[in-house]
Amino acid sequence: MNMQTQRKDHHSWRKFKSALISGLTFCSAVLVIAPLGLVFFYVLKSGVGAVNLEFFTQLPKPVGVAGGGMANAIVGTLE
Amino acid sequence: MSAVTVEEADAIHPAQARMSPPSRFGDKAFYWLTLSMAFTVVLLVILIGWQLGQGSWQAIQKFGFHFVATSTWDPVAEQYGALPFIYGTAISSLIALLIAVPLSIATAVYLTELAPLWIRQPIVSLIEMLAAIPSVILGLWGIFVMIPWLRDHPFPFLQRILGWTPFFSGPIYGPCMLAGGIIVAIMVLPIITSVSREILRSVPDLQREAAYALGATRWEVTRIAVLSYARKGLFGAVILGLGRALGETMAVTMVIGNTPQIAASLFKPGYTLASVIANEFTEATTDMYLQALFEIGLVLFGVTILVNLLAQLLLKTITAGAAPDRVQ
């Protein structure tokens with residue numbers, strides 16, 4: 001192997017390493033954001049069915065009674 | 001020189017020249033107002049420390065050093081040893097840092113050095129949104145989604161590979177030290193990432209240009225010119241994350257299992273200083289119980305302040321020193 005091809009090999013290895021690290025750091029960025037998406041979709045999936053006008057305007061019903069809302073908690077948070 | 005300008009001013013505005021110079025009262029008042037506001041913050045910290053010390057004084061006198069060195073927590077028998085909580089806080093924070101630090105720094109490197117420009121701002125915004133998730137929601141997600149998943153897939157996998165070590169042996173309950181560490185990791189990711197990003201951004205472009213001029217690839221520029229330059233500041237960011245991790249309360253309480261024990265296995269439930277205060281403060285019926293909880297607060301407060309001071313010192317050294325002799 002002459003000097004030129006050796007240098008070329010080395011160069012492409014360095015470029016490959018750079019691209020590899022770029023890919024790895026990109027993956028870590030995705031991993032960092034993943035919990036946000038997971039939490040958001042879980043909350044949306046579990047909670048969206050319960051949201052209606054009643055949820056914002058009514059007080060909680062006793063345990064076992066369907067319906068009711070969270071008006072007291074919303075007011076308590078805002079105040 | 002000044003005489004000339006005064007004469008000129010007289011010539012142009014004779015009426016104004018006769019007026020008294022503008023009062024400095026506003027400046028002075030504003031100075032003292034802001035100064036007193038700044039001192040209020042310091043005073044607040046001192047008052048909190050004093051209050052915690054006063055609230056726990058009897059417990060400190062009664063138990064002395066035993067409080068932080070024994071591990072029996074039995075309010076009925078008036079036995080208070082906080083070692084399991086100190087251990088739990090230390091280990092869960094350590095796990096959190098082990099997970100969060102590589103991810104955060106890699107993300108910060110990606111965002112400042114390697115990512116295409118158009119993608120940077122959206123990712124930064126998303127990471128800031130992660131910091132905005134209320135911890136109780138993260139805890140709820142931890143209980144209903146994260147723990148069942150961890151229990152079914154990654155934990156058995158870890159046990160198959162590393163089960164021969166004491167850290168991954170024993171039954172897998174679900175809520176455990178490792179789950180607590182993971183949820184804390186999620187909570188400290190945003191702070192370590194954004195502080196690291198600021199530090200990497202503060203590295204002068206001259207550093208990068210010099211490395212590029214020598215024919216370095218992107219990664220070599222990052223490694224040689226940026227990371228070595230920012231090393232100390234990144235360490236400060238990590239310590240800042242540690243300070244945050246030590247004090248995390250709600251989400252950890254919901255997933256760590258709340259059992260005061262010291263076990264080598266990370267699959268066993270644990271307890272942290274912050275969790276025990278959150279869980280037991282309303283149930284503290286006797287004076288000594290309350291005193292013991294105050295002392296736990298004092299320990300947590302002291303450790304957190306020390307860690308934060310250390311972080312501030314490290315962050316200061318990166319901005320103040322190192323720059324001139326690094327370029328050479």
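Student: What radius of gyration does chain B have next to a compact globule of 328 residues?

Tutor: This is a predicted model, where local features need pLDDT of at least 70 and side-chain atom pairs count only at pLDDT 80 or more, while totals for chains, interfaces and linings use all residues. Residues are numbered from 1 along each chain as its sequence is written, and chains are lettered from A and ligands numbered from 1 in the order in which they are written. A compact globule of 328 residues would come out near 20 Å (over C-alpha atoms, by the rule 2.2 Å times the number of residues to the power 0.38). Chain B, though, has 27 Å.

Student: What does the C-alpha trace of chain B span along its principal axes?

Tutor: Picture a chain with 16 helices and two strands (DSSP runs: H or I of at least four residues for helices, E of at least two for strands, numbered from the N terminus). Along the principal axes, the trace spans about 90 × 60 × 35 Å.

Student: Is B:Trp149 buried or exposed?

Tutor: Helix α8 of chain B holds B:Trp149, and its buried residues include B:Leu138, B:Trp141, B:Gly142 and B:Leu150. Count other C-beta atoms, placed from the backbone, within 10 Å: 20 or more is buried, 12 or fewer exposed, in between partly exposed. Because B:Trp149 has 12 such neighbours, it counts as exposed.

Student: How many residues does chain B bring to the contact with chain A?

Tutor: Chain A puts in 20 residues (a contact needs C-beta atoms, placed from the backbone, within 7 Å). For the complex, the predictor gives an ipTM of 0.82 and a pTM of 0.83. Chain B's share of the contact is 24 residues.

Student: Over which residues of chain B does pLDDT stay under 50?

Tutor: pLDDT is the predictor's confidence in each residue, from 0 to 100. Chain B has a mean of 88, with 91% of its residues at 70 or more. One stretch, with five contacts beyond four places in sequence, stays under 50: residues 321-328.

How values were computed. Two residues are in contact if their C-beta atoms, placed from the backbone, lie within 7 Å.
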